[in-house]
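Keep the structure open beside you as you read.

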Amino acid sequence: MEAWLEHLIKQCILYSLPVLISLTSITIVESRTARRPVPHPFYSIHWTGSWLPFLAAIVFFRGVIIALPQPLQSGSRAAMYRCLTHLTLCMLGFLLYSWSLKYPPLIGSPPLHHWWAKLFMFYNLCMACMHLLPLPGQWLGELLTASKYGAPLSRLSDRQSVGIYTLLAASPLIDLLLGETVIYPVYTLLANMAEAL
């Protein structure tokens, strides 16, 4: 029990800053592209879709970590912008990670800047790949919803879709479907490239 609680606290500390920055950035970019104001400063993180899947992934020791920004609007165009922003933030994380490798922490201090940059890259890679799943709010899911095959998806409420994401985050399915096939190989390639720079 102590080891599990220590893991939970450590993961929350390590992921909190990268996830908060990413979710806020996604909402800011979506606000600019959609020309819609953000209702309040904490709009991107004040709904259960941000924290339930995130906590489920950490509590159940999953490799793929997800946390959803609250979307300002639905549709494939908005989802595409969110996906592209995640990809851009992933590349920014790659640059920050390669930079952090050149600057070791002070003696006796934990290498938090190194880990935060690495997890910033990894989290945004996870979220960009999530858009390949046929789920509400994700790019492929929004494209499917607009087609004649997407009627079951379009009937899902926000609460139901957050429940689906939470169950997926807790289960090993995302690790097996996306993690093994796309996320881990790309992440390994990016980490090796950053270390080679």
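What volume does the largest pocket have? It comes to about 440 Å³. Bear in mind that this is a predicted model.

## The largest pocket

Let's start with who sits around this space. The largest pocket is lined by 23 residues, and the closest to its centre are Pro 71, Pro 136, Gly 137, Glu 142 and Asp 158. If you sort the lining by class, you get 9 nonpolar, 11 polar and 3 charged residues.

At least two lining residues come from each of helix H3 (76-100), helix H5 (139-146), helix H6 (151-154) and helix H7 (158-170). The largest share belongs to H7, with 3 residues.

Now for the cavities. There's a handy idea behind this kind of search: rolling a probe the size of a water molecule over the atoms shows where empty space is left. How many cavities of 30 Å³ or more does a search of the whole structure find? The count is 1. The largest cavity holds about 30 Å³ of space.

Its lining is made up of Arg 62, Val 64, Ile 66, Leu 168, Ala 169, Ser 171, Ile 174 and Asp 175. By class, that's 5 nonpolar, 1 polar and 2 charged residues. H7 turns up here too: both H7 and helix H8 (173-196) give at least two residues to the lining of the largest cavity.

## H3 and its two partners

Next, find H3 and follow it to H4. The axes of H3 and helix H4 (residues 112-130) come within 8 Å, crossing at roughly 155 degrees. Angles over 145 degrees count as roughly antiparallel, so that is the label for H3 and H4. Their crossing is left-handed.

The class count for the contact of H3 with H4 is 16 nonpolar, 6 polar and 1 charged.

H3 also meets H8. Their axes come within 8 Å and cross at roughly 40 degrees, and H3 and H8 are therefore oblique to each other. The crossing is right-handed. Cys 90, Met 91, Phe 94, Tyr 97 and Ser 98 of H3 make the contact with Leu 190, Ala 191, Met 193, Ala 194 and Glu 195 of H8. Sorted by class, the contact of H3 with H8 has 8 nonpolar, 1 polar and 1 charged residues.

## H2 alongside H7

One more pair to look at. How do H2 and H7 run, roughly parallel or roughly antiparallel? The axes of helix H2 (residues 48-59) and H7 come within 7 Å and cross at roughly 20 degrees, which makes H2 roughly parallel to H7. H2 passes H7 in a right-handed crossing.

On the H2 side, the contact is made by Thr 48, Gly 49, Leu 52, Pro 53, Ala 56 and Ala 57, and on the H7 side by Val 162, Tyr 165, Thr 166, Ala 169 and Ala 170.

Notes:
Residues are numbered from 1 along each chain as its sequence is written. This is a predicted model: local features need pLDDT of at least 70, side-chain atom pairs count only at pLDDT 80 or more; totals for chains, interfaces and linings use all residues. Side-chain values use heavy atoms; hydrogens and water are left out. On a 1 Å grid over the protein atoms alone, a cavity is a set of points where a 1.4 Å probe fits but cannot get out, and a pocket is an open set with protein on both sides within 12 Å along at least five of seven lines; lining residues have an atom within 4 Å of a point. Grid points are joined across faces, edges and corners, and a volume is the space filled by probe spheres set on the points. Helices (H or I, at least four residues) and strands (E, at least two) are DSSP runs, numbered from the N terminus. Ala, Val, Leu, Ile, Met, Phe, Trp, Tyr, Cys and Pro count as nonpolar, Asp, Glu, Lys and Arg as charged, and the others, Gly among them, as polar. Axes are lines fitted to C-alpha atoms, for helices over the stretch in contact, and angles run from 0 to 180 degrees between N-to-C directions. Angles under 35 degrees count as roughly parallel, over 145 as roughly antiparallel, 65 to 115 as roughly perpendicular and the rest as oblique. A crossing is left-handed if the near helix is turned anticlockwise from the far one by less than a right angle, and right-handed if clockwise. Contact means heavy atoms within 4.5 Å.
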